[in-house]
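The stops below are given as selections, each followed by what to look for.

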Amino acid sequence: MGRSHAGGHGCSDEVLGGNSMSQKITSYPGHEITSDELKGGKYLDIQYKFVPRYSWAAGVAISRFLDELKEGRIVARKCNRCQRILVPPRMYCEQCYRPTDEWVQIKDTGTVNTFSISHVGTDARRLKTPILVAVVDLDGASPGMGILHNLGEVEPSRITIGMKVQAVWKQPSERQGAITDIRYFRPLEV
């Protein structure tokens with residue numbers, strides 16, 4: 001079919017020796033390097049253990065949030081268009097698709113939105129004392145805005161959705177600018 005002189009490589013089949021497009025390769029030039037040759041030092045063999053070092057930035061909003069936690073304060077960002085107060089703070093409102101407008105300080109109290117009682121540790125072993133975790137909707141933030149954190153000073157059977165709680169902070173000298181600067185949330189005496 002087509003022109004016999006219009007081969008794929010600019011050559012006709014006659015120039016390629018009558019073979020079609022490729023030949024099966026049965027061997028490669030050179031020889032295989034043996035482990036004895038490597039051990040004997042005939043070839044250069046370098047073994048290097050790479051130790052990665054990571055560096056990252058938390059971004060404007062979370063960096064400020066963490067700095068404020070170190071000082072014993074919780075901050076959020078306010079969107080003046082939808083009037084939401086966002087915590088953890090974000091520099092852009094995901095509902096309005098615009099930059100948020102201002103920083104606001106919110107309380108370290110809140111309400112248990114949902115919770116979990118875990119009798120199994122992260123290493124899959126059974127725990128004598130269960131881990132108590134809750135999503136806490138913080139007072140002063142918009143509904144549904146909260147953080148996931150541990151609960152303390154409460155019996156598992158006494159935890160309820162809607163329970164009022166307050167942050168228990170580490171001592172100022174122990175704080176590092178992390179969410180763990182709040183040790184846990186404890187029930188508020190009503």
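Begin with Cys93, which counts as buried at 2% relative accessibility. The model is a predicted one.

**Stop 1**

Cys82 is partly exposed, with a relative accessible area of 25%.

**Stop 2: helix H2**

Select residues 60-70, which form helix H2. Which of its residues are buried? They are Ala61, Phe65, Glu68 and Leu69. Look down the axis of H2: the buried residues fall within an arc of 105°, so they line one face of the helix. Val60 and Asp67, on the other side of H2, are exposed.

Next, show the strands that the buried residues of H2 pack against: S1 (74-78), S5 (102-106), S9 (164-169) and S10 (182-187). Then move past the end of the helix to Gly72, which follows H2 and has a positive phi, near 85°.

**Stop 3: the nonpolar core**

In soluble globular proteins, nonpolar side chains tend to be buried together. Here the largest nonpolar core has 26 residues. Select Ile74, Val87, Ile106, Leu138, Leu151, Ile182 and Phe185, the residues with the most contacts inside this core. Colour by element of secondary structure: H2, S1, S2 (85-86), S7 (126-138), S9 and S10 each give two or more residues to the core. Which element gives the most? S7 does, with four residues.

**Stop 4: Phe185 and His149**

Centre on Phe185 and display its contacts, leaving out residues up to four places away in sequence. Among them are Asp108, Val136, Leu138, Ile147, Leu151 and Val165.

His149 lies in strand S8 (residues 146-150). Is His149 buried or exposed? At 7% relative accessibility, His149 counts as buried. Its side chain reaches the backbone oxygen of Ile179 at 3.1 Å. Beyond four places in sequence, His149 is in contact with Leu132, Val133, Ala134, Ile179, Ile182, Arg183, Tyr184 and Phe185.

How values were computed. Residues are numbered from 1 along each chain as its sequence is written. This is a predicted model: local features need pLDDT of at least 70, side-chain atom pairs count only at pLDDT 80 or more; totals for chains, interfaces and linings use all residues. Side-chain values use heavy atoms; hydrogens and water are left out. Buried means under 20% relative accessible area, exposed over 50%, partly exposed in between (1.4 Å probe, protein chains only). The arc is that of the directions from the helix axis to the C-beta atoms. Contact means heavy atoms within 4.5 Å. A nonpolar core is a set of buried Ala, Val, Leu, Ile, Met, Phe, Trp, Tyr and Cys residues joined through side-chain atoms within 4.5 Å. A polar contact is a pair of N or O atoms within 3.5 Å; within protein, one must be able to donate a hydrogen and the other to accept it, and residues adjacent in sequence count only if both atoms are side-chain atoms.
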